[in-house]
Amino acid sequence: MDVKNLGGLTASEIFELIEPFKFTYSHALSIANSLYKKKLKAISDFPKLPLKLKDLLLTNGRPGYFPFLESVISEDKSVKYLFRTSDGRQYETVYLPDGKRHTVCVSTQSGCRMGCPFCVSGSYGFHGNLTTGEIINQVVSIPYANNITHVVFMGMGEPLDNPENVLKACEILTAEWGFALSPRNVTISTVGLLPAVKLFLSKTDCNLTLSLHSPFALERKQMVPAENKYPSADIIRILREAKLKKGRRLTVAYIMISGLNDTERHLEELIYMLKGSSIRVNLLPYHAVNDDNKISSSPEKMQYFKHNLIISGISASVRKSRGADISAACGLLAAGLKINSK
Ligand code: SF4
């Protein structure tokens with residue numbers, strides 16, 4: 001057994017490590033419990049393990065959790081954390097308290113290679129995928145770790161461009177031996193990488209949000225370059241046809257930009273696209289990046305879209321913006337990061 005980071009392993013993977021030494025699956029569950037429910041950062045603190053197993057772990061393993069480097073708090077009480085891996089990849093995590101709901105927004109990559117022009121994470125460039133352990137560490141290593149009720153994969157990176165690690169993180173977050181969150185409280189957001197969307201829908205019960213931003217393919221290509229390879233019409237068809245367990249949510253995110261995608265024509269096409277499905281719409285305000293000259297649609301226009309979607313039988317909400325003053329809002333992560341060379 002090589003020295004291994006245990007945080008980020010599933011119970012089965014932990015069992016594979018200890019089975020050759022004649023330890024049982026129950027021991028693996030106990031280790032998972034210490035790693036995920038108790039969030040213990042030192043193996044010496046893991047309770048209820050035979051001495052021989054503890055020695056084995058102390059010699060050959062470590063939880064692998066590491067602290068954030070900096071944090072900044074918003075006027076609205078959301079907090080942004082900067083993490084850096086030992087090989088210099090940087091990424092940000094946001095904690096969003098809202099009454100009884102405590103959400104952590106995690107990154108899945110350092111930067112992103114999807115190139116959406118309205119997103120700072122895209123212009124930061126791509127600096128690598130995060131491992132499952134590095135994703136889970138964001139939930140474990142923030143000061144509010146024990147309060148977390150919801151996890152959203154909406155930080156830096158395209159989650160489905162790192163599907164293996166993201167699927168495993170979803171398993172750890174929702175498994176009884178893991179964080180035991182309801183899959184209804186875990187959401188990934190994607191530009192719609194079709195093969196991975198299919199995989200995600202079949203392998204998990206977690207929620208999925210498609211970043212749509214325009215119902216017209218030609219216009220969407222300008223905002224979401226992934227449209228060139230994976231047309232949103234195909235993704236919507238798959239979402240429409242998906243057999244969903246009760247309570248599972250499929251949503252489209254629609255960032256509203258004045259004069260660009262908030263006209264009557266857009267509203268009509270959006271309604272046509274989604275009518276009769278169980279897909280919801282989340283309308284979001286736009287945050288200007290790189291001093292562009294675009295502005296968000298007005299609150300009245302956003303409510304107008306919401307109203308018309310609802311009377312057309314489509315569930316819709318306007319999401320309030322959080323953390324814009326600390327560049328923690330949608331599309332702004334990485335705004336303060338410099339390329340780090342270790
Ligand atoms: S919006 Fe998402 S997919 Fe697009 S560049 Fe930003 S992080 Fe990547």
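Tutor: We begin with pairing: two strands pair if DSSP finds at least two bridges between them. Strands are DSSP runs of E, at least two residues long, and helices are runs of H or I of at least four, numbered from the N terminus. Residues are numbered from 1 along each chain as its sequence is written. This is a predicted model: local features need pLDDT of at least 70, side-chain atom pairs count only at pLDDT 80 or more, and totals for chains, interfaces and linings use all residues.

Student: How do you know that β4 and β5 pair?
Tutor: Strand β4 (residues 79-84) and β5 share 6 bridges, antiparallel. At least two are needed, so they pair. L82 stands opposite E92 in β5.

Student: What lies between β4 and β5 in their hairpin?
Tutor: There are 5 residues. In that turn, G88 has a positive phi of about 90°.

Student: Why is the crossover from β12 to β13 called right-handed?
Tutor: β12 (residues 250-256) and β13 pair in the parallel sense over 6 bridges. The chain crosses between them through helix α10 (residues 264-274), and this β-α-β crossover is right-handed. The term means that, with the strands pointing away from the viewer, the path from the first strand over the helix to the second runs clockwise.
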